[in-house]
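Trainee: I've got a model open and I'd like to talk it through with you. Can we start with the rings and go on from there?

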Amino acid sequence: MGTYGARPDAHSLATLDKAADENFPVAPFFLPRAWRTGLMAVYGYARLVDDIGDGDLVPGGRDAALLGLDPAQGDDRLVVLDAFEADLKRVFDSAGTGPRHPILRALRPVVRSHGLTPEPFLALIEANRQDQLVSRYETYEDLLAYCELSANPVGRLVLSITGTSSPERVRRSDAICTALQIVEHVQDIGEDLGRDRIYLPAQDMKRFHVQEADLAVPSAGASVRALVAFEAERAHLLLNEGTPLVGSVHGRLRLLLAGFVAGGRAALHAVAAAGHDVLPGPPGPSRLSLLREMGAVLRRAPREG
């Protein structure tokens with residue numbers, strides 16, 4: 001997991017431990033310690049922002065209290081997001097005493113050592129604000145705009161932490177991150193509906209004759225399966241578009257990025273193996289499937305330079 005400027009407390013470790021549940025390795029052991037530290041700090045930030053936006057904070061209002069709020073305000077997601085943004089500003093304020101929340105205290109030395117800017121962090125907060133206000137997306141383009149806030153900043157931060165950012169790499173990274181976000185949406189249709197959110201574009205639902213009620217049943221019918229297959233193919237094409245990023249870097253970073261792509265591909269294979277019926281629960285890839293896909297990505301990604 002790496003070391004931090006401040007050792008994470010038990011409360012923060014509960015957030016960081018969610019990295020084990022992702023489709024892709026967040027900060028594998030083979031990376032340099034400085035990279036692992038940076039990636040886990042960024043993951044902790046992104047995970048906590050999502051937990052605020054999803055209403056998945058630990059009960060009791062501790063995160064709200066850490067941000068200077070009354071614990072009773074912990075269920076008001078927009079208020080907590082506002083307080084979190086205010087605490088994020090303390091990360092970048094060199095003159096102040098620093099942020100209050102331990103996840104942000106861990107992020108501060110990473111921001112300084114890698115010269116990170118506020119924009120990607122603010123975008124992730126804005127995505128979760130949007131989740132409180134927007135629960136349906138009319139077009140695929142609308143969904144892509146959401147992914148620009150909710151997913152792409154993470155890939156850009158990975159490139160910044162590893163010192164490999166360039167316009168072309170950012171473009172490829174955005175394709176991969178958007179693909180991974182769409183894969184997650186495809187896997188989590190039932191869970192998202194439980195939060196009164198549907199990330200399947202309404203135009204696509206209409207095209208495949210899918211009603212919202214069709215998503216609220218124990219097992220998907222033919223129309224829903226066809227729609228899921230359609231969205232999965234979009235994610236597959238985006239992964240193909242982004243895969244050359246793997247060949248543009250070297251060494252251990254190449255393995256890390258291959259792991260991200262492989263995680264998406266393995267998840268898509270799991271969805272296909274389930275007959276594109278994701279309503280009983282999100283189909284997840286096995287470790288063996290992930291390793292096989294990682295080997296395939298490394299073979300397919302031509303080395304550049």
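Predicted model: local features only at pLDDT ≥ 70, side-chain atom pairs only at ≥ 80, totals over all residues.

Trainee: What kind of aromatic pair do Tyr-45 and Phe-121 form?
Mentor: Their centres are 5.0 Å apart, and the planes make an angle of 85 degrees. Planes over 60 degrees apart count as edge-to-face. So the pair of Tyr-45 and Phe-121 is edge-to-face.

Trainee: How many residues apart in sequence are the parts that this pair ties together?
Mentor: Tyr-45 belongs to helix α2 (residues 33-54), while Phe-121 belongs to helix α6 (residues 119-133). The pair therefore ties together parts whose separation in sequence is 76 residues.

Trainee: Is Tyr-45 buried or exposed?
Mentor: Buried means under 20% relative accessible area. Tyr-45 has 0% relative accessibility, and Phe-121 also comes out at 0%. So Tyr-45 counts as buried.

Trainee: And Tyr-137 with Tyr-146, what kind of aromatic pair is that?
Mentor: Both of these residues are buried. Their ring centres are 5.5 Å apart, with 45 degrees between the planes. Under 30 degrees would be stacked and over 60 edge-to-face, with the rest tilted, so Tyr-137 and Tyr-146 make a pair that is tilted.

Trainee: Let's move to helix α9. Which residues does Val-186 touch, not counting residues up to four places away in sequence?
Mentor: Val-186 sits in helix α9 (residues 167-187), and at 3% relative accessibility it counts as buried. Its C-alpha is 9.0 Å from that of Leu-268, which is 82 residues away along the chain. Those sequence neighbours aside, Val-186 touches Val-228, Glu-231, Ala-232, Val-271 and Val-278.

Trainee: What about His-185, which residues is it in contact with, leaving aside its neighbours within four places in sequence?
Mentor: His-185 is in helix α9 too, and its 7% relative accessibility makes it buried. With those neighbours set aside, the contacts of His-185 are Leu-143, Tyr-146, Asp-192 and Tyr-199.

Trainee: Is Asp-196 buried, partly exposed or exposed?
Mentor: Asp-196 has a positive phi, near 60 degrees, without being a glycine. You'll find Asp-196 in the loop between α10 (189-194) and α11 (202-207). Its relative accessible area is 45%, and the range between 20% and 50% is the middle class, so Asp-196 is partly exposed.

Trainee: And His-209, buried or exposed?
Mentor: His-209 also has a positive phi of about 60 degrees, again in a residue that is not a glycine. The loop between α11 and α12 (222-242) holds His-209. With a relative accessible area of 63%, His-209 is exposed.

Definitions and conventions
Residues numbered from 1 in each chain as written. Heavy atoms only, no water. Phe/Tyr/Trp six-rings, centres within 6.5 Å; stacked < 30°, edge-to-face > 60°. Helix = DSSP H or I, 4+ residues; strand = E, 2+ residues; numbered from the N terminus. Buried < 20%, exposed > 50% of the residue type's maximum accessible area, 1.4 Å probe, protein only. Contact = heavy atoms within 4.5 Å.
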